[in-house]
Amino acid sequence: MNNFPPPPATPSHHLPTAALLERLGSDAELGLAGEEVEARRLQYGHNVLPEYPGKPAWLRFLLQFHQALIYILLAASAITAALGEWVDSGVILGVVLINALVGYIQEAKAENALAALRRLLASSARVIRAGVKTTLPAADLVPGDMV
């Protein structure tokens with residue numbers, strides 16, 4: 001949900017505090033009122049980054065074979081098989097399969113670790129809303145909140 005207006009001529013971080021509060025329609029002492037928070041949440045959405053679906057497991061496994069060195073090894077395996085060197089061809093294919101399996105397992109572990117970090121780093125913020133200081137999940141912040 002990217003409903004943000006075009007960027008203003010003067011970036012927000014260059015403005016004095018009073019001008020910034022006026023631009024955001026906020027109050028330094030009271031923060032935003034409840035109905036204004038809801039209106040801004042409807043306009044801008046939640047303060048979260050979109051999560052994109054990952055690649056399916058079968059595709060992640062097949063992508064382990066999408067490397068120049070693997071193509072060379074597969075060609076070498078095909079050539080040795082064509083020459084009747086079945087043991088050499090099998091060893092080369094075995095190395096390729098082991099490499100793909102190890103790469104797949106490492107990639108899966110890395111994705112699981114990143115997902116665990118994402119869950120662990122659920123941040124929160126102290127804000128002033130309607131004159132009351134409160135702690136909220138960062139996902140509930142809206143533009144103009146007094147953090």
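1. The structure holds 4 salt bridges, a salt bridge being a side-chain nitrogen of Lys or Arg within 4 Å of a carboxyl oxygen of Asp or Glu. Three of these pairs are described in the points that follow, including Glu 36 with Arg 40.

2. This is a predicted model, in which local features need pLDDT of at least 70 and side-chain atom pairs count only at pLDDT 80 or more, while totals for chains, interfaces and linings use all residues. Residues are numbered from 1 along each chain as its sequence is written, and side-chain values use heavy atoms, with hydrogens and water left out.

3. Glu 36 and Arg 40 form a salt bridge whose closest N and O atoms are 2.6 Å apart. Both residues belong to helix H2 (residues 34-44), where a spacing of 4 residues puts them about one turn of the helix apart. Helices (H or I, at least four residues) and strands (E, at least two) are DSSP runs numbered from the N terminus. Glu 36 is partly exposed, with 31% relative accessibility, whereas Arg 40 is buried at 9%. Here buried means under 20% relative accessible area, exposed means over 50%, and partly exposed lies in between (1.4 Å probe, protein chains only).

4. Helix H2 also contains Glu 38 and Arg 41, which are 3 residues apart and separated by about one helical turn. The closest N and O atoms of their salt bridge are 3.0 Å apart.

5. Arg 60 has a relative accessible area of 12% and is buried, while Glu 111, at 34% relative accessibility, counts as partly exposed.

6. Leu 21 is a separate item, located in helix H1 (residues 17-24). Its relative accessibility is 16%, so Leu 21 counts as buried. Apart from neighbours within four places in sequence, Leu 21 is in contact with Ser 26, Ala 28 and Met 146, contact meaning heavy atoms within 4.5 Å.

7. One distance for checking against the model is that between Leu 21 and Glu 107, which are 46 Å apart in space, C-alpha to C-alpha. In sequence, Leu 21 and Glu 107 are 86 residues apart.
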